[in-house]
Amino acid sequence: MQRLFSGIQPTGIPQLGNYLGAIRNWVALQQDHECIFCLVDMHAITTWQDPKVLRQQTLAQTAVLLASGIDVQRHILFNQSAVSAHARLGWIFNCVARIGWLNRMTQFKDKAGKDREKHSAGLYVYPDLMAADILAYKATVVPVGDDQKQHLELTNDIAQKFNHDYGVEFFPQVEALIPPQGARVMSLRDGSKKMSKSDPSAQSRIEMTDDADTIALKIKRAKSDSEPLPSEVAGLENRPEARNLVTIYATLSGTTIADVLGQFGGQGFGPFKTALTDVVVNAISPIASETERLLKEPDFLCDTLRDGARRAGAIAEPIVSEAETLVGFLK
């Protein structure tokens, strides 16, 4: 089986976009991949985090992943900072990557905006550490959203340059595995913005710990428009909020957008939002309930992460140690 690596930041409460764009996909990929899943707490501190909150949210993210179906008996789940190989290889890759490559990274430009001079150097070299996360395990498959595809291309550039500079075929090329429909869930308040844990408005997202009443209220308040749903997919053009709600329904129910419009086309948003609420509640409620139970067992969650870090380190340590030897470090 191919070795797969994927990471998620343990900041904020995981929301529906995280679940549909990453977590649910991780669960499915467990069937035919050797999976290494990572809570990237080192990436998280590229912007300042309250230490106490970061620790709490790392445990909460762990609980959500377990409740969603991540199998830590067959696969590995750990927090990034617990395996020193990530930081060590990340520094080597800081020295391999070229400044011109990093200057082309659009995500840094988007996050930093006009005040990029005031942002941390960590945010700027974030893609080098992401490359280290993956290549410390010589993973060959990485599920990513469109917004991370450029970073994965950089990972392959770094691997190729390392191999060339040191005359080896050491690091493999990595394949991006981009999920199909549903990978990009938009805000319930603005269909042009991605659903985000960091949005100031909790009404913009459905959190994986929301109960049925909260979900119903958020969907009822979700922005739509005054026109009925179209009967054809083309009718969703220039209607981002309608497309978003239909996409969520289709993704969670395992159907296509065309099928959803075939069922609800011509109807107003009232009946559709009622049906959408049922679909979302059926998907989220069992996860929310199990998450709540797991959060009452913090020692179990800590033990799970520690065991995952031990197993991850057993894979990464010899790979990174050899990389350090290749660059000339005395061991």
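**Notes on the predicted model**

1. A search of the whole structure turns up 0 disulfides. Take Cys-35: this residue is in no disulfide, and the nearest cysteine sulfur, that of Cys-38, sits 13 Å away.

2. While we're on cysteines, how accessible are they? Cys-35 counts as buried, at 2% relative accessibility. Cys-95, on the other hand, is partly exposed, with a relative accessible area of 46%. The cut-off for exposed is over 50%, so Cys-95 with its 46% stays in the partly exposed class.

3. Next, the second largest pocket, which holds about 210 Å³ of space. Helix H3 (51-68) and helix H13 (298-327) each give at least two residues to its lining. The lining residues are Asp-41, Leu-54, Arg-55, Thr-58, Leu-59, Asn-79, Ser-81, Ala-82, Cys-302, Leu-305, Arg-306 and Ala-309. Sorted by class, that lining has 6 nonpolar, 3 polar and 3 charged residues. If you're setting up a view of this pocket, Arg-55 and Arg-306 are among the charged ones.

4. The largest cavity has a volume of about 50 Å³. Around the largest cavity you'll find Met-105, Gln-107, Phe-108, Lys-111, Leu-123, Tyr-126, Pro-127 and His-151. Helix H6 (106-112) and helix H7 (121-135) each put at least two residues into that lining. By class, the lining of the largest cavity splits into 5 nonpolar, 2 polar and 1 charged.

5. Arg-205 deserves a look. This arginine is in the loop between strand S5 (175-177) and helix H9 (212-221). Is Arg-205 buried or exposed? Its relative accessible area is 7%, and buried means under 20%, so Arg-205 is buried. One of its side-chain polar atoms is 3.2 Å from the backbone oxygen of Ser-201. Leaving aside residues up to four places away in sequence, Arg-205 touches Gln-15, Leu-188, Met-195, Ser-196, Lys-197, Asp-199, Asp-210 and Lys-218. Two of the names on that list, Lys-197 and Lys-218, are lysines.

6. Ile-158, in helix H8 (residues 149-165), is buried at 0% relative accessibility. Beyond residues up to four places away in sequence, Ile-158 touches Phe-93, Val-96, Ala-97, Trp-101, Asp-128 and Ala-131. How far is Ile-158 from Lys-218, C-alpha to C-alpha? The two are 60 residues apart along the chain, and their C-alpha atoms are separated by 43 Å. Lys-218 is also one of the residues that Arg-205 touches.

7. Last, a couple of backbone angles to check. Lys-138 has phi near 50 degrees, a positive value in a residue other than glycine. Lys-138 falls in the loop between helix H7 (121-135) and strand S4 (141-143), and at 29% relative accessibility it counts as partly exposed. For Asn-238, phi is near 65 degrees, again positive in a residue other than glycine. Asn-238 is in the loop between H9 and helix H10 (240-253). Which accessibility class does Asn-238 fall in? With 73% relative accessibility against a cut-off of over 50%, Asn-238 counts as exposed.

How values were computed: Residues are numbered from 1 along each chain as its sequence is written. This is a predicted model: local features need pLDDT of at least 70, side-chain atom pairs count only at pLDDT 80 or more; totals for chains, interfaces and linings use all residues. Side-chain values use heavy atoms; hydrogens and water are left out. On a 1 Å grid over the protein atoms alone, a cavity is a set of points where a 1.4 Å probe fits but cannot get out, and a pocket is an open set with protein on both sides within 12 Å along at least five of seven lines; lining residues have an atom within 4 Å of a point. Grid points are joined across faces, edges and corners, and a volume is the space filled by probe spheres set on the points. Helices (H or I, at least four residues) and strands (E, at least two) are DSSP runs, numbered from the N terminus. Buried means under 20% relative accessible area, exposed over 50%, partly exposed in between (1.4 Å probe, protein chains only). A polar contact is a pair of N or O atoms within 3.5 Å; within protein, one must be able to donate a hydrogen and the other to accept it, and residues adjacent in sequence count only if both atoms are side-chain atoms. Contact means heavy atoms within 4.5 Å. A disulfide is a pair of cysteine sulfur atoms within 2.5 Å.
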